[in-house]
Amino acid sequence: MWKFLDTCAGPMMDEGLRFRLLGPMQVLRDGAELQICASRELAILASLVLNAGRVVSVDRLIETVWAGSAPRSARRQIAICVSRLRRILGAGAIETSSPGYLIRPAPDSVDWLQFRALVARSRSEVAGKNREEAVRLLREALALWRGNPFEDIRGLRYDVARMEESRLEAAEACLELEIELGQHHQVIPELLALVAEHPFRERVRALLMLAHYRAGRRADALRTYQETRRYLRDQIGLEPGPALRHLHEQILRDESSLMRQPVPRAGMVVPSQLPPRVVPFVGRGEEMAALDAVLRPDPEVALPGTTVLSGPVGVGKTALALQWAHDRADWFPDGHLFADLDEAEPPVVLDRFLRALGVPRSDLPADRAEKVALFRSWTARRRLVVVLDRARDGAQVLPLLPGGANCRVLVTSTNPLDELVARQGAHREFVRPLGTEAARELADLLVGKVEAQAVTDLLAHSFGNPLRLRMGAARMRSRGRHVTTWPG
């Protein structure tokens with residue numbers, strides 16, 4: 001990437017010189033700033049450094065300094081300015097080479113060249129599937145920017161536009177990678193600032209929509225699209241581009257492809273203990289939205305870490321919990337834990353959870369209180385979801401609550417668990433039977449094409465209870481579509 005510096009023979013300049021172009025221009029020698037006050041000399045030096053290793057013609061320098069309104073003495077004045085720069089930088093710093101001049105800074109002495117090299121290295125890391133290193137390199141590159149370059153040099157406006165475009169492309173690439181790595185919550189403030197600063201960049205708006213969606217803020221994602229559409233129509237009379245429209249349609253359909261699988265961090269054991277979803281699954285749109293609202297991990301909003309799904313036997317509490325946990329698995333990149341509390345007591349469950357998190361069996365404490373403390377220590381800095389199924393009471397649940405503020409717990413129980421709500425501030429959702437339309441849809445999916453009266457009888461005897469529907473449908477199929485005994 002530095003090859004162009006080697007194509008012109010000649011000595012390198014003083015290695016102690018450093019040129020900072022990514023902000024107000026500065027020239028340093030051994031850490032001390034050199035004073036170059038004349039605007040013409042700064043413009044000439046900026047043009048030469050931007051084109052390091054290449055000859056810049058006198059005509060180009062004249063255009064840089066005077067931007068189309070040069071005096072007759074322009075060529076002589078350029079020569080005078082170059083002479084002054086040589087006295088400041090050193091006699092050999094600027095070489096004369098027809099039809100103009102060139103400068104040969106050390107490869108690592110120009111922040112603009114450092115920026116470009118870091119961005120190029122990040123692309124290589126992306127190609128090698130090393131996204132974490134690519135993000136580190138891009139963040140290092142973006143940190144070199146100190147402000148807007150060459151604000152007072154009209155003749156470099158096209159160079160400034162090129163540099164700014166490179167900065168924005170690097171920022172977009174970095175933010176996109178961070179979203180892929182599950183850092184959607186962290187990048188939202190930066191994306192909001194970029195949208196305000198560059199309102200016509202649809203890629204930034206698309207990234208903001210995706211970050212909102214993955215953070216559980218579906219309404220914010222859709223609102224961002226509507227604001228974008230309104231802004232573009234008002235300002236330039238155009239609709240959003242095809243990529244933004246397609247993303248909008250995907251969000252409306254809640255396409256699973258928008259929620260990528262979490263990427264495990266190096267050295268961390270990531271358990272995935274969720275049982276399969278209960279299928280077919282219908283309805284429950286309001287319940288799913290309510291769980292999204294209260295269980296999304298959001299460092300800026302204090303939310304209850306635990307939600308209780310309470311309701312009668314067979315009403316679909318477990319199916320709802322598993323459906324939500326699978327759909328929102330990307331929110332919890334550090335793991336998904338599951339326990340059926342009707343089959344195992346808390347000490348046994350704690351042992352299973354700790355082993356799943358990477359604690360060696362030999363390190364498991366025998367004392368129950370120590371198990372609880374160790375579990376909370378291991379989960380204190382993680383973002384994971386815990387599903388506790390068929391809990392009898394709050395005493396079963398309390399030892400199994402993780403210690404991290406970004407952990408979420410779903411508890412299913414026929415008991416309202418008032419004590420857990422009162423003492424732990426748990427949120428509670430009462431799961432009710434399916435509505436008429438959802439119950440009929442589930443029945444149709446379960447039994448296929450049968451006599452209408454048989455389906456009507458099935459619905460009448462199930463009262464919207466999904467378990468009764470499933471049991472009745474199973475008996476209907478096994479008895480040749482005739483139901484003689486209904487589960488109840």
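Helix α7 (residues 157-180) and helix α8 (residues 184-197) have axes that come within 10 Å of each other and cross at roughly 155°, where the axes are lines fitted to C-alpha atoms over the stretch in contact and the angles run from 0 to 180 degrees between N-to-C directions. The two helices are therefore roughly antiparallel, a term for angles over 145 degrees, and α7 passes α8 in a left-handed crossing, in which the near helix is turned anticlockwise from the far one by less than a right angle. On the side of α7 the contact is made by Glu 164, Arg 167, Leu 168, Ala 171, Leu 175, Glu 178 and Ile 179, and on the side of α8 by His 184, Val 187, Glu 190, Leu 191, Leu 194 and Glu 197; contact here means heavy atoms within 4.5 Å. These residues divide into seven nonpolar, one polar and five charged, with Ala, Val, Leu, Ile, Met, Phe, Trp, Tyr, Cys and Pro counted as nonpolar, Asp, Glu, Lys and Arg as charged, and the others, Gly among them, as polar.

This is a predicted model, in which local features need pLDDT of at least 70 and side-chain atom pairs count only at pLDDT 80 or more, while totals for chains, interfaces and linings use all residues. Residues are numbered from 1 along each chain as its sequence is written, and side-chain values use heavy atoms, with hydrogens and water left out.

Helix α5 (residues 111-127) and helix α6 (residues 131-142) pack at an angle of about 165°, with their axes 8 Å apart, and that makes α5 roughly antiparallel to α6. Here Phe 115, Leu 118, Val 119, Arg 121, Ser 122, Glu 125 and Val 126 in α5 meet residues of α6 that include Glu 133, Leu 137 and Leu 142. The contact of α5 with α6 has nine nonpolar, one polar and five charged residues.

For the chain as a whole, there are 20 helices and 11 strands, taken as DSSP runs numbered from the N terminus, with helices (H or I) of at least four residues and strands (E) of at least two. Buried residues make up 49% of the 488 residues, where buried means under 20% relative accessible area, exposed over 50% and partly exposed in between, with a 1.4 Å probe and protein chains only.

The largest nonpolar core has 78 residues, and those with the most contacts inside it are Leu 45, Ile 78 and Trp 112; such a core is a set of buried Ala, Val, Leu, Ile, Met, Phe, Trp, Tyr and Cys residues joined through side-chain atoms within 4.5 Å. Apart from it lies another core, of 28 residues, among them Ala 339, Leu 354, Val 372 and Val 397.

Val 27 lies in strand β2 (residues 26-29) and, at 3% relative accessibility, counts as buried. Its C-alpha atom is separated by 9.7 Å from that of Leu 45, 18 residues apart along the chain.

Some backbone details remain. The peptide bond from Ser 98 to Pro 99 is cis, with omega near 10°, and Pro 99 is found in the loop between β5 (94-97) and β6 (100-103). Ala 67, in the loop between α3 (58-66) and α4 (74-89), has a positive phi of about 50° although it is not a glycine.

Technical notes. Angles under 35 degrees count as roughly parallel, over 145 as roughly antiparallel, 65 to 115 as roughly perpendicular and the rest as oblique.
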